[in-house]
2 protein chains.
Amino acid sequence: MKMRVHSSCSAAFSARCSRQVAPRAASAQAPPAVQVDDFDFQKYVMATAEKVNVALDAAVPMAYPETVHESIRYSLLAGGKRVRPMLCLASCDMLGGEESVAMPSACAMEMIHTMSLIHDDMPCMDNDSLRRGQPTNHVKYGDDIALLAGDALLAYSFEHIARETKATPEQIVRVIAEVGRAVGSIGLVGGQVVDIKSEGKKVPLETLEWIHVHKTAVLLEASVVTGAIVAGASDDDVERVRQYGRNIGLCFQVVDDILDVTQSSETLGKTAGKDLDSEKSTYPALLGLDESRKIAQRLNEEAKALLEPFDAEKRAPLVGLADYIYSRTN
Amino acid sequence: MKMRVHSSCSAAFSARCSRQVAPRAASAQAPPAVQVDDFDFQKYVMATAEKVNVALDAAVPMAYPETVHESIRYSLLAGGKRVRPMLCLASCDMLGGEESVAMPSACAMEMIHTMSLIHDDMPCMDNDSLRRGQPTNHVKYGDDIALLAGDALLAYSFEHIARETKATPEQIVRVIAEVGRAVGSIGLVGGQVVDIKSEGKKVPLETLEWIHVHKTAVLLEASVVTGAIVAGASDDDVERVRQYGRNIGLCFQVVDDILDVTQSSETLGKTAGKDLDSEKSTYPALLGLDESRKIAQRLNEEAKALLEPFDAEKRAPLVGLADYIYSRTN
């Protein structure tokens with residue numbers, strides 16, 4: 001296997017990758033994270049996204065009633081980056097599990113992410129008309145169908161895990177409890193609620209971090225954690241990848257805030273500058289761009305340091321994903 | 001235990017109960033369903049609803065962020081009839097399971113029902129401002145919070161089953177698969193989608209039945225089925241209560257259609273006559289009131305006949321619930 005993480009980040013995924021990721025200071029106890037520099041991240045990403053797309057396509061086939069299945073497939077198969085499924089699959093693989101055992105959870109994480117995008121875009125929420133350069137779900141199918149498609153996707157994500165995961169029933173139950181918490185009122189939804197209630201206010205940094213952790217990081221965290229659970233990982237290893245997931249999740253959101261003020265709508269494929277327009281609290285608004293970039297860098301380094309106990313080749317995809325999340329441009 | 005099903009239906013639950021439920025024709029093979037005539041249904045309903053209310057209150061305590069938990073509790077603890085939890089608990093009891101083993105699933109069914117009401121009432125769906133005589137969730141908390149509260153409740157229902165059910169992991173996984181299908185695109189959501197797409201059209205009876213079965217019956221069906229699964233029932237018994245659930249579910253919806261044209265808003269606690277106003281297909285609109293009442297009666301009788309293999313005392317609550325659903329006035 002050719003390994004060259006930093007030198008081969010795809011143009012589609014990041015042009016800044018090899019330049020801006022600061023190498024972690026080497027320690028005597030553990031090899032520096034940048035040692036995995038021959039891993040072909042681009043190839044890994046393309047191959048894994050393709051496998052995930054095939055699995056998602058098969059997981060939600062067309063059926064009666066067509067409208068809702070069309071609506072679900074429109075958003076679910078719209079070519080997202082599949083970061084969450086990759087985290088789940090890579091975590092499972094790093095901890096010794098088969099890819100097939102993690103695929104249902106991987107698909108479920110993408111279904112939940114898609115549900116949150118469909119509902120977020122609705123007029124009563126962010127009122128966005130563009131997503132990934134295409135009309136948002138409610139623009140294409142109507143608000144009622146978009147609402148219902150999101151509900152169906154959320155319910156189906158749990159059903160899919162329950163029906164398709166070839167792990168022990170104990171592991172499946174644990175995965176479902178983990179995913180449920182990640183989505184609920186002290187997870188993704190909780191983060192969105194505090195975000196909404198903070199609009200137009202200068203909130204303290206700890207509230208902003210609470211929003212970002214819950215709005216984004218918990219789902220990335222759940223992705224690696226569910227992959228670890230179905231791999232049969234030890235509790236210690238589950239908690240280690242959980243902390244990795246939380247770090248890259250918070251990093252993801254800080255970078256999102258940064259991109260929103262530095263990139264155009266064309267590059268992002270969505271309406272840029274909305275966060276500043278609506279006076280939402282963001283890292284750049286609260287701390288400035290330079291300090292925000294430093295925080296993102298620190299989160300990225302800490303995430304990779306958490307993976308150091310694991311085999312360098314096995315952890316390469318998660319190292320690559322941490323770097324991608326840190327250095328992405330859209 | 002005193003048993004007097006038909007003579008003691010509470011005024012709150014039904015004044016028509018003892019008069020309009022036609023006794024099933026006795027057969028030589030099985031005792032007539034009306035034999036369970038000493039069961040105190042009113043007492044059972046009051047005691048069980050109270051237990052369910054206590055369990056729901058404990059299942060969703062107030063927490064940060066307060067807004068979404070307040071919104072969830074506002075709708076979840078608004079004093080619904082708790083028909084779905086009762087079906088789940090009664091099914092489990094009839095099939096030899098402990099009440100405590102079914103309580104998490106019972107609560108989850110009510111959470112899902114509440115989620116569907118919150119989302120149904122939203123402006124992009126039915127645009128209702130009254131529910132159980134009180135302002136609907138979005139009127140009180142705003143459309144964005146109502147949307148998110150529904151999402152959180154849906155996710156939490158699965159988490160709650162996974163974390164709290166003291167059954168075998170195999171049974172829990174089976175329950176989650178069952179509940180997921182009942183909510184999803186070929187369940188509750190599917191029924192709502194076909195309902196929406198049928199507005200203003202005269203649809204054939206089979207489409208109307210598909211709508212009613214999926215919009216309402218699948219959740220009642222899932223309620224009794226999950227109760228049976230955690231009781232450790234045989235596959236045959238699970239399928240028997242499934243058919244009972246489907247029958248009373250379809251009966252529930254036919255009666256709902258009938259009540260909508262025969263009762264006032266004050267009695268129903270919601271805006272009456274909406275279905276006819278918006279030219280939705282309903283049983284009375286398609287077949288007339290008399291024929292609709294006959295169908296409801298047949299469904300009720302068939303449902304009770306399915307329970308005949310079970311002990312008369314043990315099946316009394318499900319017989320009572322079938323009669324209540326058939327003869328309710330709100």
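This is a predicted model: local features need pLDDT of at least 70, side-chain atom pairs count only at pLDDT 80 or more; totals for chains, interfaces and linings use all residues.
View 1. The elements that give two or more residues to the side of chain A that touches chain B are α3 (66-76), α5 (99-121), α7 (143-164), α8 (169-183), α9 (188-197) and α10 (205-230) of chain A, with helices (H or I, at least four residues) taken as DSSP runs and numbered from the N terminus. The largest share of this side, 13 residues, comes from α7(A). By class, the side of chain A that touches chain B has 28 nonpolar, 9 polar and 9 charged residues, where Ala, Val, Leu, Ile, Met, Phe, Trp, Tyr, Cys and Pro count as nonpolar, Asp, Glu, Lys and Arg as charged, and the others, Gly among them, as polar. In total, 46 residues of chain A are in contact with 46 residues of chain B, contact meaning heavy atoms within 4.5 Å. The area buried between the two chains is about 4,000 Å², of which carbon and sulfur atoms give 77%; buried area is the accessible area (1.4 Å probe) that two parts lose on being put together, summed over both.

**View 2. The axis that relates the two chains.** A rotation of 180° with 0.0 Å of shift along its axis superposes chain A on chain B, with an RMSD of 0.0 Å, the copies being superposed by least squares on the C-alpha atoms of residues with pLDDT of at least 70 in both. That is the relation of a two-fold axis. In chain A, the C-alpha nearest the axis belongs to Pro169(A), at 2.6 Å from it.

View 3. Ser91(A) lies in helix α4 (residues 83-94) of chain A and is buried, with a relative accessible area of 0%; buried means under 20% relative accessible area, exposed over 50%, and partly exposed in between (1.4 Å probe, protein chains only). The side chain of Ser91(A) reaches the backbone oxygen of Val224(A) at 2.7 Å. Among the residues that Ser91(A) touches, not counting those up to four places away in sequence, are Gly227(A), Val241(A) and Leu318(A).

**View 4. Salt bridges within chain B.** Glu110(B) forms a salt bridge with Arg82(B), the closest N and O atoms being 2.8 Å apart, where a salt bridge is a side-chain nitrogen of Lys or Arg within 4 Å of a carboxyl oxygen of Asp or Glu. Both Glu110(B) and Arg82(B) are buried. In a second pair, Arg174(B) forms a salt bridge with Asp235(B), at 3.3 Å between the closest N and O atoms; Arg174(B) is partly exposed, with a relative accessible area of 37%, whereas Asp235(B), at 53%, counts as exposed.

**Notes to the views.** Residues are numbered from 1 along each chain as its sequence is written, and chains are lettered from A and ligands numbered from 1 in the order in which they are written. Local features need pLDDT of at least 70 and side-chain atom pairs count only at pLDDT 80 or more, while totals for chains, interfaces and linings use all residues, and side-chain values use heavy atoms, with hydrogens and water left out.

Conventions. A polar contact is a pair of N or O atoms within 3.5 Å; within protein, one must be able to donate a hydrogen and the other to accept it, and residues adjacent in sequence count only if both atoms are side-chain atoms.
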